[in-house]
Amino acid sequence: MAMDMVRNADERVNWIASIPFFAMHLVPFLIVFTGITWGSVVLCAVLYVARMFFITAGYHRYFAHRSYKLGRGMQFVMALGGSLAAQKGVLWWAGHHRDHHLYADQPQDIHSPRKGFWWSHIGWFLSDKFKATPEDRIKDFTMYPELVWLDRYSLVPPTILALGIFLVGGPSALVVGFFLSTILLYHGVFTINSLAHVFGNRRFATTDTSRNNWLLAMITLGEGWHNNHHHYRSSTNQGFYWWEFDVSFYVLKALSVFGLVRGIRKPPIEALMKKRIVKGVFDRGMFEARFAKGILALERAKARGGVYYEKKLRKLEKLVARAKASAAEISQYMRTVQGLRAGRIC
Ligand SMILES: [Zn+2]
Ligand SMILES: [Zn+2]
């Protein structure tokens, strides 16, 4: 998706402060010196999957959305597991994520791809603007001192993990097992903020540009059903049908058998039927994004003038006409329903 929304002046990357983040991406090249062992590859895979679970099931579905219940001990385990991914503190992560849902793909959205693809993928958290934990967004968890500590010293657990891996497994385990899996995990999680708002299908006419994408669901243990999630975010499962695999949900369901997880929530049938994208339903989220993109293209074309400008103008007019046709179909449908109801009452 091309950028169609202008970022605020304070929404820019602090390149100097971001050097460690970019430098970290060079660490896996050290395999030239350390070599790769089967053990380090297995460790890489295990750490990717395990930490992805803590981020998706813990940071996201529990702390950001409270889609199920945990006791205080398990709550701490989830926060600790998530912090091992080195994606900042639990309160920082969950608080900012709540912000994303509040303004999804609107100008106030902290990481909409409408503000640029790379901004949504990594730029936003490399900006000073979003450095602090948004405490007002996550007040329901700031009462737990252990979570506040973990949030403040979020780099302590992954540092201890890295040290432990180095001492037990040696340099190859550290480079491949820890660093490579941490980097893959970064970009796996970040795809939900970037790609899951650009590529995939839309089942529900949400007011954002979220998509359902099976490939992203595979690499994120179920988070790729992002349009489902934006439609009904308080649900524990994000795959709404049996074929929408959702590994994080399966694990939570298994933990609920032992009583470690309680109050799992699923979308009610009314929610599954509401705002379905069928012919005639106005998809406001996509219309807004396409219209803004059209206006931007038109402004650029205006400078070039002539046939090019006319072509862009016609494209935009067609988009508006299509939206009007959808709205007309809805009102026709509404009139039919109202007519039937009136008839029945008589
Ligand atoms: Zn969410
Ligand atoms: Zn989203």
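Leucine 221 counts as buried, because 23 C-beta neighbours lie inside 10 Å and the threshold for burial is 20 or more. In this predicted model, leucine 221 sits in the loop between H10 and helix H11 (226-231), and although it is not a glycine, its phi is positive, at about 60°.

**Overall architecture**
- The C-alpha trace of the protein chain spans about 75 × 60 × 40 Å along its principal axes, and buried residues make up 37% of the 346 residues in the chain.
- Among the contacts in the protein chain with a separation of 6 or more, 69% are accounted for by residues 24 or more positions apart.

**Nonpolar cores**
- The largest nonpolar core holds 49 residues, of which Phe54, Tyr59, Phe63, Val90, Leu91 and Ala94 touch the most other members.
- The elements giving two or more residues to this core are helix H3 (38-64), helix H4 (72-83), helix H5 (90-102), helix H7 (145-152), helix H9 (171-193), helix H10 (214-219) and helix H12 (247-257), and H3 gives the most, with 12 residues.
- Phenylalanine 63, leaving aside its neighbours within four places in sequence, is in contact with Gly58, Val90, Ala94 and Phe141.
- As general background, nonpolar side chains tend to be buried together in soluble globular proteins.

**The crossing of H5 and H7**
- The axes of H5 and H7 come within 7 Å and cross at roughly 90°, so H5 is roughly perpendicular to H7.
- At this crossing, Val90, Leu91 and Trp92 in H5 meet Leu147, Leu150 and Asp151 in H7, and the residues of the contact divide into five nonpolar, no polar and one charged.

**Helix lengths and the glycines that follow**
- Helix H8 (residues 156-169) has 14 residues and should therefore span 20 Å at 1.5 Å a residue, which agrees with the 20 Å between its end C-alpha atoms.
- H8 is followed by glycine 170, whose phi is positive, near 90°.
- Helix H14 (residues 284-304), with 21 residues, reaches 30 Å from its first C-alpha to its last, close to the 30 Å expected at 1.5 Å a residue.
- H14 is followed by glycine 305, whose phi is likewise positive, with a value near 70°.

**Individual residues**
- Valine 156 has its place in helix H8, and it is exposed because 12 other C-beta atoms lie within 10 Å, where 12 or fewer is the limit for that class.
- The C-alpha atoms of valine 156 and leucine 84 are separated by 8.6 Å, although the two residues are 72 residues apart along the chain.
- Lysine 88, found in the loop between H4 and H5, has a phi near 65°, a positive value in a residue other than glycine.
- Lysine 88 counts as partly exposed, because it has 19 C-beta neighbours inside 10 Å.
- For context on these backbone angles, most residues other than glycine have a negative phi.

Key. Residues are numbered from 1 along each chain as its sequence is written. Chains are lettered from A and ligands numbered from 1 in the order in which they are written. This is a predicted model: local features need pLDDT of at least 70, side-chain atom pairs count only at pLDDT 80 or more; totals for chains, interfaces and linings use all residues. Helices (H or I, at least four residues) and strands (E, at least two) are DSSP runs, numbered from the N terminus. The expected span of a helix is 1.5 Å times one less than its number of residues. A nonpolar core is a set of buried Ala, Val, Leu, Ile, Met, Phe, Trp, Tyr and Cys residues joined through C-beta atoms within 7 Å. Two residues are in contact if their C-beta atoms, placed from the backbone, lie within 7 Å. Axes are lines fitted to C-alpha atoms, for helices over the stretch in contact, and angles run from 0 to 180 degrees between N-to-C directions. Angles under 35 degrees count as roughly parallel, over 145 as roughly antiparallel, 65 to 115 as roughly perpendicular and the rest as oblique. Ala, Val, Leu, Ile, Met, Phe, Trp, Tyr, Cys and Pro count as nonpolar, Asp, Glu, Lys and Arg as charged, and the others, Gly among them, as polar.
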